[in-house]
Each structure stands twice: as structure tokens, then as C-alpha cells.
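Please look at the sequence and the structure below.

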Amino acid sequence: MEKLILSGNEALARGAWEAGVEVAAAYPGTPSTEILENLSRYPEVYAEWSANEKVALDLAIGAAYAGRRAFAAMKHVGLNVASESLFYASYTGVNAGLAIVTADDPGLHSSQNEQDNRHYARFAKVPMLEPSDSQEAKDMVAQALELSETFDTPVLIRTTTRTSHAKSIVQLADRSQVPKRPYLKNPQKYVMIPGFARKRHPLVEERMLRLKALAETYPGNRLHYADLGLGVITSGASYQYAREVFPDASLLKLGMPWPMPEGLIREFASKVERLIVLEELDPFFEDFVRSMGLPVEGKSIFPSVGEFSPELVRQSAYQAGLVDRPPYRSQVQVGPLPMRPPVLCAGCGHRDVFWILRKLKLIVNSDIGCYALGVMPPLGSTDTIGCMGASIGVAAGMRRGGLEGTNVAVIGDSTFFHAGLPALASAVYNGTPFTTIIVDNRTTGMTGHQGNPGSGLTLSGGRGHRVDIEALVRAIGVEQVVSVPSTRREELEAAIQQAVRSDRPNVVIAETPCVFVSASEREPYAVALEDCNGCTLCFRIGCPAIYKSEVMDEKHNRPKAWIDPQACVGCGLCYDVCARQAILPGALKVEARPVEAIA
Amino acid sequence: MKKLNFLLAGVGGQGTLLASDVLAEVGMRAGAEVKKSEVHGMSQRGGAVTSHVRWGDQVASPLCEAGTVDYFVAQEKLEALRWIEFLSPASTVLLSDQSLPPTSTVFGDDRYPDDEQVLSTLRQVASSVRRVPATQIAERLGNPRVANSVLLGALSAALDVTEEDWLAVLASRLPPNHFEINRQAFLAGRQGDWAI
């Protein structure tokens, strides 16, 4: 069969298809998003975006109970959301195989924290596999499903941003035909009331003992003896860095981080002079090896913060005397360079909302999504962001906590469906008076425009039912609800001003259709150079389509503005903020796409 | 095959990832083990993007180590300076003519480096720095978006892979109606004929 260059995520999808997976679910989240996007391209697999990771995992668990091989994927913090389901599924076991990908994000490329989800395997008492390249990622899905069926347990597959996004060559294979297993009613196994769950716990403990024995012979745990002066225990992306930095050392590569193979570790430790562990984030292996009474070094050499790189590993190893030379460092200094922090796209409706929030000097409890960029200069109008859905609960808490000043919650459509809805219901139920602004861009923007219940677009490209946010919010008892397109800025500002004066929980829906899934009504705007005096007002909206021009205003000796016609999408915020009418609106487009047409 | 490390750097939306996919695939076609890794922030557009591509008989890390890049393709001038820790005197730099000033140079006091600063800094680190008027050529061909193919063409001139292999990979990666203009851009870069 063919060989292809695949990312780890593409390989996981291919592996799930080859292993006969029939049902898969996820909520998008970097670095895991592409797994389900790729898996959805195979017609044999039912694949969906669920409203959140817990819903996705429950769906996969249900499919496995029903007898079909099932698969769920999520980012590291997604498993926090789904963890309750992981824990009960550890007790109930499965029927057909169930593999769950957790994609960790050392270095916080796109996350609110760094957490090491190897702990979840130990915590929930389930096995975990960890690939170090795309071929292993593909192969480990089949291995995970076989383990899952043999040991009647969900199986975790842990990637990191590096293994999920790096590409390497993968040998493809055909899809295996896996017969459906019959579902047999068995409440003692599948109903976790205390009386039944109590009897499952000893089975879980006994299962871990059998898995521990298996870990000793699992072929993904590989011993490589070379120079016995140095032995390195490692896994995942770190294994690849170990091969680069310690090409002559002996290696114990753990394809199964949990349960760990005590026998193999003891044998390896007995043969090498100096034993080290190379692992990103927590000293998960190191603590275990030390608990076996073996002398080992790890976090005394390598950091427990951030993502590794070959030069970081070499530098740390050099300082510990493990290698002869530090990484190459040029003596040339460039000094601080202008950064390119992420910015809201040109024409993004979230900019209008945060422009108004800043103007009104509101305290903003925001949430996870593109609109988190409202914290960046020059908008700078965000006070708190924690995790998916936290905006509403934290806003209610600040209100109950006697906050001086007026706060609002800001949450996106996808995030609202993910975890905002229970918080709003709670606020309504308890009558906590504050305003929730739902910035409804009709897509899951930050992860690359996936569908959600509010867009109605499904992962398979179909048109599902679109949940009407305004009707939903009214139905849970919010009496004061107003929907305003963000382009009607004066109206939106007045609506927010009125809403925050209310003594009841209330909602403003700011319609901010994403520029990637909609089109504005106007052609690009332009600066009338003769009227611009370089006052910088339009610079301060932080639009990436607005630049300093090379033409100077002679009176004030400052550059006039220029709008890049390639980047401008014609939203008109700059037109609204310009005090000198120096910005010319683009012409109305002949064929403007109405917002309604996108969902 | 000799081990080769490539680094491509640009700004989101410039096609860094597509260019590096092509480069990885060309390596596989030429019989190498290849690995590739992208590093980008969370912005959809406008953030700094790098892509590491490695060819060799055996490749372990998908990331190049600092100071070990053989060929550095800078699609944007400020980004050319951002990654000089990856360069050494053995590096060859292909520097595009594109400037994309970040927003901090617009609303803040950050200054975008001038051409002289970019070139002299790169020349202090790497012994070979070649300016490629990629966007100029692309615009003359009628589409500024084919600047990447000009850069890949310029890179290809230094590598021991046939023109047919490069064009076959380009053809497999591009929609058919975009191939011809990209082929012309690639060949312009490969021939080093800036005066087309």
C-alpha cells in the first residue's frame, strides 16, 4: 500500500478508520481538531462535533456499549470536561473497543494552561499509549482498540502538540472488518449505582494488575542498548529529541506511559551507569522510577515548564555534563523585534463589541475563543478569562461578591453551547442581575471554523437543526433579550448601556458573523489623504488592514493612515471612529450575501 | 542522502505551510526520510509562522536544532530576523522582498526594520544570503500569491532533485487551474532569471 506524509492527527484518523472505528465524536480544540475533521471524510464512520467533550465521550461510550468500535478526541483541557465520563467508563468497561485521544499542549501554543494528562491514566485506572511519530500514532489506534476489548476498558492515547502536528511518513493499510458485538443487558456492569459500582472497583484494580503484566511485553515499550554509560527513559516527542541529542545512549522508549513496566525499568536501570528521564511537563516517569527505589535524575536537569526542543534538551544536558557541547549560538544580536501577537481579523465583529466595552469602561468577564483577543492592545478591554464557559459563572460571582463597578460576561456562540448554558440557567434561577453578551459569530472561529449547534452545520458537511440562541435564552427564563448586529454600533452600544442598568439577569446577543463564513455588504474602505491628519484614532482599533502610510501630515509631522484594500473587508468601524470624515466607505456590493444565508 | 535542514518563515496567510508540504513531499520522492513540523500561534491570520522540514536517511526530531539550518527561506523580511538563532555560517538564506508590518508598528512605537538592517544582520550570521524578488516576479506573472513558488524555485536550484520531481509534486498539490502560473513562477525562481 501507499506511503503518505501525514501529521499525527491525520494518522490517528487514518488509524481509526483502518481499525474499523464506526462512531467518533469530538469538540474542536487545538491541537486535536484535525483528527475528527480527517476522520469525517471516511463514509464508513459516523463522526460528529458534539456540544462539548463530555457529550462527545458519552456518545463514544454509548457506541462502544452498543457494540461498535468507537473513538473520541479532545485537547488536554477537554478531558477535564469529559473526565467524569472517563471515570465511570473505567468502571463499566466497554463492549466494543473505545479509544480516547487526549492532545496535550506543552508550551501553551493555544491553551490556558499546561497540564500533563498522563496523570489521568493513573487517576482513572486506564491504560495509556503515547506515539512518538505519525506511524506510531496510526498503529496505536488499532492497538488501543484491541487492548480496550481484551481488557474491557477505555484506552487513552496521549499526543502533544508536537506529535499531533508534526508530519512524517506513514505506511497505509486497508480497513479491517470488525464485526459488531451484540449488546447484552447487564445492569451490574453498566449501571453505576453504588451497589453495583462497589463490585466493579475490585475488577478495575485487578484489571490494572493484568495490564501491568502486559506492559512488560508490550512491543511499544522498547529497549535499545548502546553505550551503557547513559540510559534514558523517555516517550513521545521527547524520544525523538533523545535520539538527536544522545545518539549513542541506551534508551528505554515507553509507548505505554501507563501502567509502567517495572520489570523492564529495573532491568534497564541495572545495566546503565547513569539513569535519566527525559519527559516534558511533570516528572511522571521520574517519580515512578524513584518510587521503585532506583537512583534517577530528570527534572533536576530538564525543565518541567514549557515545550522541549532539540536545543533546549542539548543545553540542559550540557549543563548536567551529559554531552560535550552546548547548542550553537551565534554572537549576533538583533535586539527586540516587533512581535506578531494574534490579532482579531480585519472586519471581525468582535472588535466592534470590545471597542464599545472599552468606551463604556465595563469590567469584562470573557471566555475562550477568538474574542479572547479583546484583552490585547489596543482594545485591552478584558478583565478575566479562565476556561470554557467560565465567563458567566465568574460574572455572577463578582456581582455576588460586591464588585464595585459594572461587569458583564462575554461568551461566544460555540462556547455558550459548550458550558455557558448551565451557568446562565443558574444565574436566571438565582436571579443574579448582570448582563451576558453572547458574541454570536455563527461558527467555532479560533479552531478553524467548525460547526456548532448555533450554526447548524454538522461535521459531515450536512445542515442539521440550528438551535436559535435567542429563543433558547428566552426559554430558560431570561426576560430581557435583545439581538443587534455588531455593525449597527450605536444601537449595540445603546442596548448594552440599557442592559447593564437592569436589576435582572439579561442577555444581549451581538451578531458578529465571522468574516470567514460571511461577507460584508461593502467594498474596501479608503483614506482620503487630503482630509487625514494622522490623528491615530483609526490605528487604535487595532485593525490589521490599517497601516501608517508613507505620506506625512506636515502640520503635525506624523504619518497619515492607509487602508490595505487586499485586507479590508468593508466593516466600517474605522469610518465610525474617524473624527474628520477622512475615511471613504467602500461602495455597496452588488451581490452582498445576507447573514441568514450562512447558517 | 545528506541530512538537510530547512526552515521556512512567514506570516499567517502567506502559504508557509503549503510550501513546506511541497518541500517535504519532494524529499520523500527523492528517497529521503522526511519530517516536518509547524510552529504557529493561535491567530487565524497575521501571526508568525515557521515550518521545519528535515530530509535524511534517518530523521528523529521533527524540529531543526538552533544553529543547524542549511536553507532558510524567509517569506517576509521581519520574519527573516526573528529566527536567526537557527542560522550558522553554513546556512544559505533566501530572502523574499515582502514586508508585512505588524499592527504594533501601526498603533504603537515599534519600528519595522529597514532593508539594510535585515541584510546586514543576516550576512553577519550566514555566509550566503540571496535576495529573491519573489513578489515582484509574482506580480509580473499576474498573481502575488505565487511568490512562494518563486522561492521554492530558487531553493530548488541549490538541491539535487530533478525539475520533473518538483513539478510533479507542485501539480499534485495545486488545483489544476493554478498549476501553470505556479510552474512559471517556480521556473523563474529556479533559473534565477529576475528580469522576466
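In this predicted model, 40 residues of chain A are in contact with 45 residues of chain B. On the chain B side, at least two residues each come from α1 (16-29), β2 (33-40), α2 (77-82), α3 (104-107) and α4 (115-125). The element that gives the most to this side is β2(B), with six residues. By kind, the residues of chain B that touch chain A divide into 20 nonpolar, 15 polar and 10 charged.

β2(B) also pairs with a strand of chain A. Its partner there is β8 (residues 167-171), and the two strands pair in the antiparallel sense over two bridges. Within this pairing, B:K35 of β2(B) is the bridge partner of A:S168.

The pairing of β8(A) and β2(B) belongs to an open sheet of eight strands, in the order β1(A)-β8(A)-β2(B)-β3(B)-β1(B)-β4(B)-β5(B)-β6(B), with mixed pairing. At the edges lie β1 (3-7) of chain A and β6 (128-132) of chain B, each of which pairs on one side only. Neighbouring strands of the sheet are turned against each other by 20° on average, direction ignored.

α1(B) touches strands of both chains: β1 and β8 of chain A, together with β1 (4-11), β2 and β3 (48-56) of chain B. The direction of α1(B) makes about 0° with that of β3(B). Helix α6 (residues 147-156) of chain B packs on the sheet as well, touching β4 (71-74), β5 and β6 of chain B. Its direction makes about 160° with that of β5(B).

Now turn to a strand of chain A, β4 (residues 70-75). Is it mostly covered or open? β4(A) is mostly covered, with six of its six residues buried. A:A70, A:A72 and A:M74 point one way from the strand, while A:F71, A:A73 and A:K75 point the other way, and all are buried.

β4(A) has parallel pairings with two strands of its chain. Four bridges join β4(A) to β2 (residues 23-26) of chain A, and A:A70 is the bridge partner of A:V23. Six bridges join β4(A) to β5 (residues 98-104) of chain A, where A:T102 stands opposite A:M74. Together with helix α4 (residues 76-92) of chain A, β4(A) and β5(A) make a right-handed β-α-β unit.

Notes: Residues numbered from 1 in each chain as written. Chains lettered and ligands numbered in written order. Predicted model: local features only at pLDDT ≥ 70, side-chain atom pairs only at ≥ 80, totals over all residues. Contact = placed C-beta atoms within 7 Å. Nonpolar A, V, L, I, M, F, W, Y, C, P; charged D, E, K, R; others polar. Pairing = 2+ DSSP bridges. Buried ≥ 20, exposed ≤ 12 C-beta atoms within 10 Å, placed from the backbone. Right-handed = clockwise from strand over helix to strand, strands pointing away. Axes fitted to C-alpha atoms, helices over the stretch in contact; angles between N-to-C directions.
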